2 protein chains.
Amino acid sequence: MLETTDVVIEAAVLGANDAFYRAFTRGDYAAMSDLWAERAPVTCFHPGGQVLVGRSAVLGTWKQLLSGRSTFELRCDRPLVRLHGDTAIVTCYEGSDNDPAHLAATNVFALEDGRWRMVHHHAGPMSNPLPRPSRSLN
Amino acid sequence: MLETTDVVIEAAVLGANDAFYRAFTRGDYAAMSDLWAERAPVTCFHPGGQVLVGRSAVLGTWKQLLSGRSTFELRCDRPLVRLHGDTAIVTCYEGSDNDPAHLAATNVFALEDGRWRMVHHHAGPMSNPLPRPSRSLN
């Protein structure tokens with residue numbers, strides 16, 4: 001059973017997770033940069049790719065990915081938060097606009113100066129894309 | 001620059017990560033079960049699949065996967081540890097025997113009673129498999 005404090009913490013983590021997908025959807029590099037941790041070590045697997053290590057490498061790819069692309073909504077379906085002290089793992093499914101979700105994602109956040117900031121992202125292809133859930137399942 | 005204590009902690013995390021691949025390679029369900037956290041919440045993405053939530057669901061699939069299969073070595077190439085307090089993220093590439101690594105993996109460990117235990121595994125297909133590194137790169 002979740003304690004009240006866990007509910008509050010989970011909401012804060014989900015807020016950080018939402019900020020990731022909002023930054024992507026808006027092509028907002030400044031917001032994306034602000035979300036990723038500054039001091040904690042960061043890593044990132046883009047779909048199908050090799051690991052990126054360190055803020056410069058990770059943010060460099062986000063800058064490239066977010067510039068000059070057609071705008072589409074990157075959805076985060078069925079986000080699930082698991083708390084591990086000052087670290088939190090969010091699992092979810094990523095889909096574009098109303099298409100079925102085609103990526104499984106692991107997003108890891110860590111507390112930095114009282115803020116949940118992203119320290120790891122791993123998105124990888126799913127064998128069977130998942131239809132967008134109805135709002136009640138979200 | 002890494003502190004001496006970080007080097008010691010990283011070695012302990014790598015030991016837990018090795019235990020995961022050893023348990024898989026040996027088809028050793030008892031070792032796999034022992035590795036996963038008992039109290040901390042656990043989650044798992046098998047390649048291309050949907051998220052498994054909770055020890056029963058996660059271990060249930062490992063029991064199935066580890067029973068009655070042909071034995072092959074599941075390698076963990078280029079493991080990289082990133083420490084976040086009492087949580088650690090290992091990224092690596094997974095390959096079978098001497099084949100190129102075809103999966104990118106995120107393994108998350110948390111301290112439970114002084115032991116690093118697995119709390120999350122995410123393996124997903126790579127677009128371009130990576131040849132097995134020479135030992136010097138490992």
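**View 1. Helix α1 of chain B and the glycine that follows this helix in the predicted model.** Just after α1(B), the residue B:G27 adopts a positive phi of about 65°, in a model that is predicted throughout. Helix α1 itself runs over residues 4–26 of chain B, and its 23 residues reach 33 Å from the first C-alpha to the last, close to the 33 Å expected at 1.5 Å a residue. The buried residues of this helix are B:V13, B:N17, B:F20, B:A23 and B:F24. An α-helix has 3.6 residues a turn, so residues three or four places apart point the same way.

**View 2. Helix α3 of chain A and its following glycine.** Helix α3 of chain A covers residues 55–66, and at 1.5 Å a residue its 12 residues should span 16 Å, which agrees with the 16 Å that separates its end C-alpha atoms. Just after α3(A), A:G68 takes a positive phi of about 65°.

**View 3. The contact between the two chains, seen from the side of chain B.** In this interface, 27 residues of chain B are in contact with 27 residues of chain A. At least two residues of the side of chain B that touches chain A come from each of the strands β1 (43–45), β2 (51–53), β3 (74–84), β4 (87–96), β5 (101–112) and β6 (115–130) of chain B. Strand β6(B) gives the most to this side, with seven residues. Sorted by class, the side of chain B that touches chain A holds 13 nonpolar, 12 polar and two charged residues. Of the interface residues of chain B, 100% are also interface residues in chain A, so the copies meet through the same surface. For the complex, the predictor gives an ipTM of 0.94 and a pTM of 0.95.

**View 4. The largest nonpolar core and the surroundings of A:V119.** The largest nonpolar core has 70 residues, and those with the most contacts inside it are A:F109, A:V119, B:F109 and B:V119. Leaving out residues up to four places away in sequence, A:V119 touches A:A37, A:A40, A:P41, A:V42, A:V108, A:F109 and A:A110, as well as B:H84 of chain B.

View 5. A:V81 counts as buried, because it has 21 C-beta neighbours inside 10 Å and the threshold for a buried residue is 20 or more. When its neighbours within four places in sequence are left aside, A:V81 is in contact with A:E10, A:V13, A:L14, A:A88 and A:V90. A:V108 lies 27 residues from A:V81 along the chain, and the C-alpha atoms of the two are separated by 9.6 Å.

**View 6. The loop between β4 and β5 in both chains.** In chain A, the residue A:D97 lies in the loop between β4 (87–96) and β5 (101–112), and its phi is near 45°, a positive value in a residue other than glycine. With 10 C-beta neighbours inside 10 Å, A:D97 counts as exposed. In chain B, B:D97 lies in the loop between β4 and β5, with a phi near 50°, again positive in a residue other than glycine, and B:D97 is exposed, having 10 other C-beta atoms within 10 Å. B:P100, which also lies in the loop between β4 and β5 of chain B, is partly exposed, with 14 other C-beta atoms within 10 Å. Apart from its neighbours within four places in sequence, B:P100 is in contact with B:G95, B:P129, B:L130, B:P131 and B:R132.

View 7. A:D6 is found in helix α1 of chain A, which covers residues 4–26, and counts as exposed, with 12 C-beta neighbours inside 10 Å. A:D6 and A:M126 are 120 residues apart in sequence, and their C-alpha atoms are 30 Å apart in space.

Notes
Residues numbered from 1 in each chain as written. Chains lettered and ligands numbered in written order. Predicted model: local features only at pLDDT ≥ 70, side-chain atom pairs only at ≥ 80, totals over all residues. Helix = DSSP H or I, 4+ residues; strand = E, 2+ residues; numbered from the N terminus. Expected span 1.5 Å × (residues − 1). Contact = placed C-beta atoms within 7 Å. Nonpolar A, V, L, I, M, F, W, Y, C, P; charged D, E, K, R; others polar. Core = buried A, V, L, I, M, F, W, Y, C linked by C-beta atoms within 7 Å.
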